[in-house]
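Please read these notes with the model open beside you.

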Amino acid sequence: EYATFLEWLREADLGELNAIADEHEALHESWSLPVAGPSPEWVAMLEGKLDELGKGEIETPIRNIGDRRVIRRRVWVAAASVVVLLSTGAILYMQRPSIDKTSVVKGQGLVVPVFSQTTENPAGSGQKELELADGSKVWLNAATSIKYPATFTGSERVVELSGEAFFEVSKDAGKPFRVLIKDAEVEVLGTHFDIMAYENEPVSKTTLIDGAVRLESDATPFDLKPGEQAIVHYPVSGVGEPQVEVKEVDANAVLSWRKGYIDLTDADLQTAMRALKRYYNVDIQYAQGVPETHRITGGLILQDGLQHNLEILEGFFEGLHFKSNGKIVTVTR
């Protein structure tokens with residue numbers, strides 16, 4: 001995050017620095033920061049930027065106070081506070097691949113979410129419930145993490161998700177709720193919905209249970225109705241643009257994971273094995289010559305255990321065998 005900040009600083013103009021200052025002022029009272037001096041690397045860079053872009057606007061010259069250099073200027077103080085956040089472990093996201101969701105200029109402001117909290121639910125675990133500062137509730141599936149601020153300030157509520165979660169968002173018309181996922185984001189006011197966005201899956205899925213949500217992928221927004229699912233298909237090898245498909249689905253099947261059931265609707269072998277990897281915290285190995293398989297529709301009950309479910313998969317995928325040895329599952333023909 002610090003390296004990204006330096007990269008951004010090289011191209012920042014005075015207006016962007018003022019936007020950072022505005023964001024700092026809005027959040028300042030909720031931050032608890034230790035006293036720490038900024039890094040000389042970015043100090044020198046920022047001094048050069050201020051000299052270049054802010055000639056005639058600096059109220060007093062730079063002066064030394066102990067081993068710290070201070071400029072009596074609102075932009076300087078705000079930028080310094082951002083870097084102190086970085087140095088104390090808070091997470092500042094200035095850019096993301098494909099869709100730059102966190103450094104988008106809206107009017108005169110720069111949207112810079114600061115995620116100071118992270119909750120993880122590791123592979124092999126049952127679901128975990130979390131309540132956010134606004135009263136919204138989130139249930140995390142296995143192998144899932146969510147990043148969020150300690151308190152929601154400003155004009156919107158923003159979190160970032162990797163994995164799968166069910167959201168019960170508190171209504172607040174003045175503060176839209178946004179979930180950042182890979183190459184897309186979901187915006188709501190108050191609703192119930194499920195998002196599956198694992199980093200190792202070729203698709204992400206946003207399913208609306210009730211209320212209304214909008215999925216934004218690249219420049220195209222998709223408004224969902226209850227019972228609809230938006231599927232973002234990611235390009236193979238990262239070449240090309242993600243494609244979005246919207247269809248009606250069975251909400252009970254989508255939410256079956258909350259009842260300890262692994263849904264395998266229209267799943268191929270790799271999809272099924274990735275699910276086992278998440279739910280039982282195992283590694284999957286494929287023997288040479290394992291063929292492409294047909295797609296299946298079925299399900300597995302988590303409490304039945306890994307070995308029993310591997311036997312069921314052998315019935316689903318005829319001609320294949322699944323062997324468990326500790327934390328390794330081997331697929332052979």
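Which residue lies over the face of Trp-139?

1. Arg-258 does, at 4.4 Å from the ring centre. A charge is said to sit over a ring if NZ of Lys or CZ of Arg is within 6 Å of the ring centre and within 35 degrees of the ring normal. Another case is Arg-278, whose charged end sits over the ring of Tyr-198, 3.9 Å from its centre.

2. A word on the source: this is a predicted model, in which local features need pLDDT of at least 70 and side-chain atom pairs count only at pLDDT 80 or more, while totals for chains, interfaces and linings use all residues. Residues are numbered from 1 along each chain as its sequence is written, and side-chain values use heavy atoms, with hydrogens and water left out.

3. The protein chain has 7 helices and 24 strands. These are DSSP runs numbered from the N terminus (helices: H or I, at least four residues; strands: E, at least two). Of the 333 residues in the protein chain, 44% are buried. Here buried means under 20% relative accessible area, exposed over 50%, and partly exposed in between (1.4 Å probe, protein chains only).

4. A pair of aromatic rings is described by the distance of the centres and the angle of the planes. Rings of Phe, Tyr and Trp (its six-membered ring) pair if their centres lie within 6.5 Å; planes under 30 degrees apart count as stacked, over 60 as edge-to-face and the rest as tilted. The count by this rule is 4 aromatic pairs. One of them, Trp-139 with Phe-166, is tilted, with 5.8 Å centre to centre and 45° between the planes. Trp-139 belongs to strand S9 (residues 137–140) and Phe-166 to strand S11 (residues 157–168), so this pair ties together parts that are 27 residues apart in sequence.

5. The rings of Phe-167 and Phe-177 have centres 6.1 Å apart and planes at 65°, so the pair is edge-to-face. Phe-167 is in strand S11 and Phe-177 in strand S12 (residues 177–181), so the pair links parts 10 residues apart in sequence. Phe-167 is buried at 0% relative accessibility, and Phe-177 is buried with a relative accessible area of 0%. Phe-167 and Phe-177 also belong to one aromatic cluster with Phe-152 and Phe-193.
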